[in-house]
Amino acid sequence: MNKIFTFISFLLPLFFYAQTTSDLEKELDQVKNLRAKDSAKIELLIKEIKNLIDIKENNQKDEILKQLKKEDSLNLVKRKQEIESYKAKTEGLPVIFQNDTLYNIYTALGPFQPTDRVAHDLSKIITVYNSNTFNKDSLKIVESENLVSLIYNNNILTSITDLDALWIGKSPNQLAKEYKDNIGNAIKKHQKANSFKFKLIRYGQLLLFIIALFILFQLINRVINFFKTKISKNDTFLANGIKVKNYQLFKREQLNLIIDKFFDVLKFILYIITIFSIVPLALKLFPQTSVWVDDVRIWLEDPLISIKNAIFNYIPNLIKIALIIAIGRFIIRSLKFFSIEIARENLVIKGFYPEWASPTFSLIRFVLNIFILIIVFPLLPGADSVAFKGVSVFLGVLISIGSSSAISNAVSGLVITYMRPFKVGDWIKTKSIVGVVIEKNVLVTRLRTFNNEDITVPNSSILNDHTINYSSIGKKKGLALSVRLKTRYDYNANIIEQRLIEAALRTNNITKDIPPYVLQVDFGDLSATYELNAYTFDPDNMFFTRSDLARNIRNVFEEANIKFVTTTFVELKTVDELTNSSNKTNKR
């Protein structure tokens, strides 16, 4: 029993120990599993944290890169805008080789200004050209840190910066390739063009052009002379010249001279056209003169193009001017028709005299022409130019200064016209001039005296002085021809009066409808003065009538043995004036 108890007591601790050990192992395994799981979680967490950190850093980097790109793009746009503004103000300096512009340089390179760069590049290109062993494939493009250079046999021909590329709007490499092609092609072209073979060909072509020019001149000369001779020797062509109605505008001899001048001018024009057609072709033969071709073309084309454009641009104004002038001429012709009808008395307007028709038409025509000129003047070519305005003002000042007397005469002529103091054909006296009116215009009046003298009297002089019209009243109421004479008191007054009236009745053109009469106008110490007044209705012959009257008085007085001293003059007197004069004499 004790042994069993002892055995059991020995086994129980072992049993509890084994059980405890297994529990511990289980717990350890659980702990290990938990640690493994925790480490896996930790690793996952660490990876997630690292991913988050990387994403954040990448996002930050992206933001930074975007910001940098944005700043770079803004800076680039700003620089481009600055360059564009500079381009508007600055012209690049061209690198010109053998009259060919290879490229332009706009910017400096370090201490070298654009002019220095142009001189450097051109000298290097000329050196390569003069080597006569040029190979285009030997041109190399070499990139360095800030430059792209074009090199030939270890010599730098030109260098391109980023700023140069920005000026052109291309990348440095693209610009370098363009420069390479331009330089290579230009050198090859001019080496070939300046070879001895091509020089001989060009001189031969030049000789052919000169020969062709000479042949064309001869051909033009012969053709022109042929037509000139053909027309001048043709007796049936305009044999009587050119006539416009009854006016001989050009005689046959004058036409021959005009035809000769026309053909000479035509020949000269054809010579000029031929020269300017061949010269550009000849200039293109040589590289040194080919650059002048454009200048010659500009010399020819610019004037012709400007003339053509001016003509085409002026056509609308020309149409306006033609319409304005056509309407104005129609109105003037209509007014002329009415003026002629009024002057012929076919059209009668109350209070408007026929002699007013012509001057009124002239006045209205003048006003209409001025009005048309005012409308047309702004439409004339060059009317807006300063020179045209200056010349117009100068001419206006000259006319206003020099035409003051003419304007005064013109106004006087209009006043005289509408006052109607005389008309053409009337015998008048103005100041001391007596004559018949042969012409009356706006400025002057022309008189023809009894001695057949033509006298021009300004209208202002006539208006400022009194005028006697012998014809206007003389044909209606009679013109009194007065003769004064002196006789001694030895002779009876009644006998003298009878003799004077007898002499008047003997005279032709002296009317008997108005009886002649005698007035005693003065008494002197030894003699008395008598005045004979006899009327005539033919004032146009008043000088002949007065001469006959004086001769008849002399004959009558010689028949009566009466001696006298006489003074005669012609005077226009109405019946009323003569009656008043007679009454005054009787009162004395």
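**A cavity and its aromatic neighbours**

The structure holds one cavity of 30 Å³ or more. Here a cavity is a set of points on a 1 Å grid, laid over the protein atoms alone, where a 1.4 Å probe fits but cannot get out. This is a predicted model, in which local features need pLDDT of at least 70 and side-chain atom pairs count only at pLDDT 80 or more, while totals for chains, interfaces and linings use all residues. Residues are numbered from 1 along each chain as its sequence is written, and side-chain values use heavy atoms, with hydrogens and water left out.

The largest cavity takes in about 70 Å³ of space, a volume being the space filled by probe spheres set on the points. Among the residues lining it are Y103, R117, D164, W167 and Y179; a lining residue has an atom within 4 Å of a point. At least two lining residues come from each of β2 (100–105), β5 (155–160) and α3 (162–168), with strands (E, at least two residues) and helices (H or I, at least four) taken as DSSP runs numbered from the N terminus. Seven of the lining residues are nonpolar, three polar and two charged.

As for aromatic pairs (ring centres within 6.5 Å), the whole structure has nine. Y103 and Y179 make one that is stacked (planes under 30 degrees apart), at 4.0 Å centre to centre and 15 degrees between the planes. Y103 sits in strand β2 and Y179 in helix α4 (residues 172–193), so the pair ties together parts 76 residues apart in sequence. Both Y103 and Y179 are buried, meaning under 20% relative accessible area (1.4 Å probe, protein chains only). Elsewhere in the list of aromatics, W427, F450, F543 and F544 form one cluster.

How values were computed:
On a 1 Å grid over the protein atoms alone, a cavity is a set of points where a 1.4 Å probe fits but cannot get out, and a pocket is an open set with protein on both sides within 12 Å along at least five of seven lines; lining residues have an atom within 4 Å of a point. Ala, Val, Leu, Ile, Met, Phe, Trp, Tyr, Cys and Pro count as nonpolar, Asp, Glu, Lys and Arg as charged, and the others, Gly among them, as polar. Rings of Phe, Tyr and Trp (its six-membered ring) pair if their centres lie within 6.5 Å; planes under 30 degrees apart count as stacked, over 60 as edge-to-face and the rest as tilted. Buried means under 20% relative accessible area, exposed over 50%, partly exposed in between (1.4 Å probe, protein chains only).
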